[in-house]
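Student: Could we go through this structure together? I would like to begin with a single residue and then move on to the wider fold.

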Amino acid sequence: MGIQFREPYLLLLLIPWAGFVVWAWRSRLSWSSLRRRWAVGLRALLLLLLIAALAGMQWFESLQQRAVVYVADRSYSMPADSKTYDAWLQASAAAKAKDDRVGVVTAGGNAIVERSLTADGLGKLAFNGQVNREFTNLAQGLGLAAGLLPQDASPRLVLMSDGQENTGDLLREARLLKDKGIPVDVLPIPAAVRRDVAIESLKLPQKLYQAEKYTLEVQLKSTYAGTGELRVYEDNREISSQTVTVERGDNRFALQSLAREPGFHRYRAEIYFPNDEQAANNADYAFSRVSGPPKVLVVEGTPGSSTNVEAVLKSGLIGCDTIPPEMLPREMADYTGYDSIVLNNVPATRISGPQMDMIEKAVKDHGVGLIMTGGEDSFGMGGYFKTPIERALPVSMELEGKREIPSLGLILVIDRSGSMSGDKIELAKEAAMRTVELMREKDTVGVVAFDSSPWWVVEPQKLTDKKKVTGLIQGIQPDGGTEIYTAVEEAYQRLLKVDAQRKHIILLTDGQSATNQSYEQLAGSMVQNKMTLSSVAVGEGADVQLLEKLAKLAKGRFYYTNDQTTLPAIFSREAVMMARTYIVDKPFVPALGQPGDWGELFRQGVPKINAYVATTPKQAAEVALTSPEPDPLLARWQYGSGRAVAWTSDVTGKWSKDWVEWNAFSSVFSHILKWTFPQFQAAPFELTSRLGGSEVTLGLKSGSPDPTGEIRVSVTDEALQTENVQVTPTAPGEYEAKMSVAKPGVYLAKIDVPGNKDQAGGSVTAGFVLPYSPEYRLTPGDGAAKLKQLAELTGGRLLSLEHPEAVFQGKIQPKRTVRDLTLPLLMLAVLVWLADIAVRRLSVPWARLSAAAAAYVRGRRGPAAPAADNQAAAAAMERLRRRTREAGASRRGVQAGSASLLARGQDAAGRELPRTDAAASAPRAGGGTPAAAGDGGDRAGTAAKPQAPQPQAAPAPGQPAETGEQARMDRLLAAKNRRKR
């Protein structure tokens, strides 16, 4: 440790500082010696502190300790059994010195801190952090680890990896670490050698015409020679299967096929080799759009109920696929292959939450059309309240300011046993809260949760505060067993006391009751008191037989689902079913509202309608046909890039017999369907994608003049998360967009192209696929060489599994810790400056204070002073008396001489003095002398009258003779103190 200066040349100021100190000490100040010493000393100290602060005075200390951060690669390319490497890491940390510190960072596609720097070692280390193992970004891991290293220790990083990075730039990060003086030791971990065949790429034209022949190219890479099977699928339909033989290295195969169905198609290639040890890289994907007639997906709730719709499509030369809701696609790309989707009287309870999200995304982002037709299981009666599909439709399921609906008393009985943990209980709570949102202030709601016993979450009450009720529902937590009967009986007893026109109970459970009570008697009591009960069985563990029987006895409905995402729709449907006024069952002739360009379709009039489902039009919707209520019968609107239509009557003829028999029905409904088709122009762009690690580069190329506006690209992943990507021009007619992907999957890109003077704008949908993690790709195996280069570049070492202690061996580079003293010096200088002002400006009796302090100290020592102190005080007093007597005698001699000279009229040099009349006539009796001007006389210069010397008073009887002498001494001391002040 020691002292150093940041600006040492400023220490030359000490030369004038020394001169100032000498000058100040020799100067004759009118102060006492003690005060003068304090003043000069404080001023000198003040200047010395300022000079030290200007020179940047610093305190430093050399430390002999290490700070080591381990960077562990945890990507999928690392060996699955990592116990050996974990043991090496702990054994290495155990070899450190007492003051050395260690930390751990794990790296994959991202990097996280597993263990902050500590001197306690790495005992019981567990890798609990969540890293993206789909990629390897070693540069990010090293950068994060370098940020953990302190300034007061010798730094070092230790990288444990196979070196197979696929994102980031490891060597660029190495150059930055070299500049910072941080060496990196590497522990190369050899990649596992496998017998592996991988699909490297699948290529085909991105744009095809119907009936066009095309070539599909598959590239394989293998680590061995073998024979296997190659299969190719269009969407989920197999179009080719053949046996192929591969050699070690790259292999290419070309297949011929025919574009049959129009639309946007996904192609998949798969391989099957008997000796393949890794299946993760055995598939790849590609996309292509086949131009041809439009195609519609018809989803029907009742088999055979879409005959009229199919006939309309056939007459318009429009292709269609008719499926039940359970057959809806589960991947986003499959929806974009259709021009429009028709939901024909489909209840929301048969469509899962993710499928609803995909339909809504297909309409909003990719321009797919949507039509919902009415029926007893559609719109509000189907449970679509607050669903993604309701967001896409031009009508709302909630009746706002409508006809009087009977008051409802509803109690929700929700299983909260331990088996309901996770998504089940969360979706059950969402279902309950959505049901509460459907109800009105005059309705009564209660929520009872049960495990082994019932517990009232919400006591039956009027729904005056929905926010409070939903907040209470949100607090339900799973725990305990399952006892159904007591919970249902408790709900029944409380519902008896509720004043409502309709009373209903909804029971939800995923288990079986612990007891077997008389449910028949309980259900009978419900029916007798005009109550109904519907039951919902979730999963295969539920007592389906009991719940179905209970719902039947209580005149309710039974639901069974293996998909808990349908629970909110089930609850919503049940709440709506209790208000039958949603269905308006009386004939009327629709009236024209805002038909727009559809006005020509109804110019000759329209047939009557017998019934429909009541809804509320949204603010931006166009209502073409209305009922007398008025409710929307036919409404439309633009939703994002797509268009949606709501027809609230049916298409089977049950409610709309005159319509389906109308001779213009086919042309009218065909026109409505075509209005929903994507409004894309023939986009002049071709899209290509190039994957590099976790970054995808999208290339856009145009053969027409550049558009005048901004090109927008949005990419949707399999989780339906949409990201807008910035597009930059790279050449005339060519553009580029880059984005990062976090995981493998199918990505759909939508490109919005603005128009120009020569061509109208449009949109195009394309796709790209990251089929599997790049961790599973067959790489050249240059990871070890890259790690060696990293160590050489940063001055690190190559470590081995046999010697973990080598990390803390070798020469340590001392680190100097420096602390700047400028601020403390300036603060001390301020205090010294204040003390200097006090000494120079304040008249303080320093001697008296010193004497008082000394007396105080003597008083603290005891009541009796030591004999030596008394003798010293007596000796000092005697010396003072002697000097006083000598001074008095000398003063009397001077006064006598002066008086004699004045009497002769001379000064001390013998010269004659001018005499005044007053002086000449002044009596000199008694040996008095004239007083000097200003010495107690007149300040105008006149001499004072001489006074006769006062006779010294005789001491009082019994008083010592020294009393007069003592009085003179006291006066002399007082005069001396006055002069000091």
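**Contacts, helix pairs and cores**

Tutor: Glu200 is in contact with Gln219, Leu220, Lys221, Asp284, Tyr772, Arg777 and Leu778, leaving aside its neighbours within four places in sequence. Please keep in mind that this is a predicted model.

Student: Where is Glu200 placed?

Tutor: Glu200 belongs to strand 8, which covers residues 197-203.

Student: And is Glu200 buried or exposed?

Tutor: Glu200 has a relative accessible area of 17%. Buried means under 20%, so Glu200 counts as buried.

Student: Let me step back. How many helices and strands does the protein chain have?

Tutor: The protein chain has 23 helices and 42 strands.

Student: What percentage of the residues count as buried?

Tutor: Of the 981 residues in the protein chain, 47% count as buried.

Student: What about contacts between residues 24 or more positions apart?

Tutor: Taking the contacts in the protein chain with a separation of 6 or more, 74% are between residues 24 or more positions apart.

Student: Now the helix pairs. At what angle do helix 4 and helix 5 cross?

Tutor: The axes of helix 4 (residues 138-148) and helix 5 (residues 170-180) cross at roughly 20° and come within 8 Å. Angles under 35 degrees count as roughly parallel, and the two helices are therefore roughly parallel to each other. Their crossing is left-handed.

Student: Which residues make that contact?

Tutor: Helix 4 contributes Leu138, Ala139, Leu142, Gly143 and Ala146, while helix 5 contributes Leu170, Glu173 and Leu177. By class, the contact of helix 4 with helix 5 has 6 nonpolar, 1 polar and 1 charged residues.

Student: Gly147 is in helix 4 too. Is Gly147 buried or exposed?

Tutor: Gly147 counts as exposed, with a relative accessibility of 62%. Gly147 and Val69 are 78 residues apart in sequence, and their C-alpha atoms are 10.0 Å apart in space.

Student: How do helix 5 and helix 18 cross?

Tutor: The axes of helix 5 and helix 18 (residues 783-794) come within 9 Å, with a crossing angle of roughly 15°. These two helices are therefore roughly parallel to each other. Helix 5 passes helix 18 in a right-handed crossing.

Student: Which residues meet there?

Tutor: On the side of helix 5 they are Leu170, Leu171, Ala174, Arg175, Leu177 and Lys178, and on the side of helix 18 they are Lys786, Leu787, Gln789, Leu790, Leu793 and Thr794. This contact of helix 5 with helix 18 divides into 7 nonpolar, 2 polar and 3 charged residues. Leu170 and Leu177 of helix 5 take part in the contact with helix 4 and in the contact with helix 18.

Student: What is the arrangement of helix 10 and helix 11?

Tutor: The axes of helix 10 (residues 423-438) and helix 11 (residues 466-474) come within 9 Å and cross at roughly 165°. That makes helix 10 roughly antiparallel to helix 11. The crossing is right-handed. Glu426, Lys429, Ala432, Met433, Val436 and Glu437 of helix 10 make the contact with Lys466, Val469, Thr470, Ile473 and Gln474 of helix 11. By class, there are 5 nonpolar, 2 polar and 4 charged residues in this contact.

Student: Turning to the nonpolar cores, how many residues does the largest one have?

Tutor: The largest nonpolar core has 87 residues, and those with the most contacts inside it are Ile341, Leu370, Tyr384, Ile389, Trp598, Phe602 and Leu634. Helix 17 gives the most to this core, with 6 residues. A second, separate core has 30 residues, including Leu408, Met420, Val469 and Ile506.

Student: Which residues of helix 17 are buried?

Tutor: In helix 17 (residues 665-675), the buried residues are Phe665, Val668, Phe669, Ser670, Ile672, Leu673 and Trp675. Their cover includes helix 6, strand 18, strand 19, strand 32, strand 33 and helix 16.

Student: And what does Leu370 touch?

Tutor: Not counting residues up to four places away in sequence, Leu370 touches Ser340, Ile341, Leu343, Ile359, Val363, Ala392, Leu393, Arg643, Ala644, Val645 and Thr676.

Note on methods:
Residues numbered from 1 in each chain as written. Predicted model: local features only at pLDDT ≥ 70, side-chain atom pairs only at ≥ 80, totals over all residues. Heavy atoms only, no water. Axes fitted to C-alpha atoms, helices over the stretch in contact; angles between N-to-C directions. Helix = DSSP H or I, 4+ residues; strand = E, 2+ residues; numbered from the N terminus. Parallel < 35°, antiparallel > 145°, perpendicular 65-115°, else oblique. Left-handed = near helix turned anticlockwise from the far one by under 90°. Contact = heavy atoms within 4.5 Å. Nonpolar A, V, L, I, M, F, W, Y, C, P; charged D, E, K, R; others polar. Buried < 20%, exposed > 50% of the residue type's maximum accessible area, 1.4 Å probe, protein only. Core = buried A, V, L, I, M, F, W, Y, C linked by side-chain atoms within 4.5 Å.
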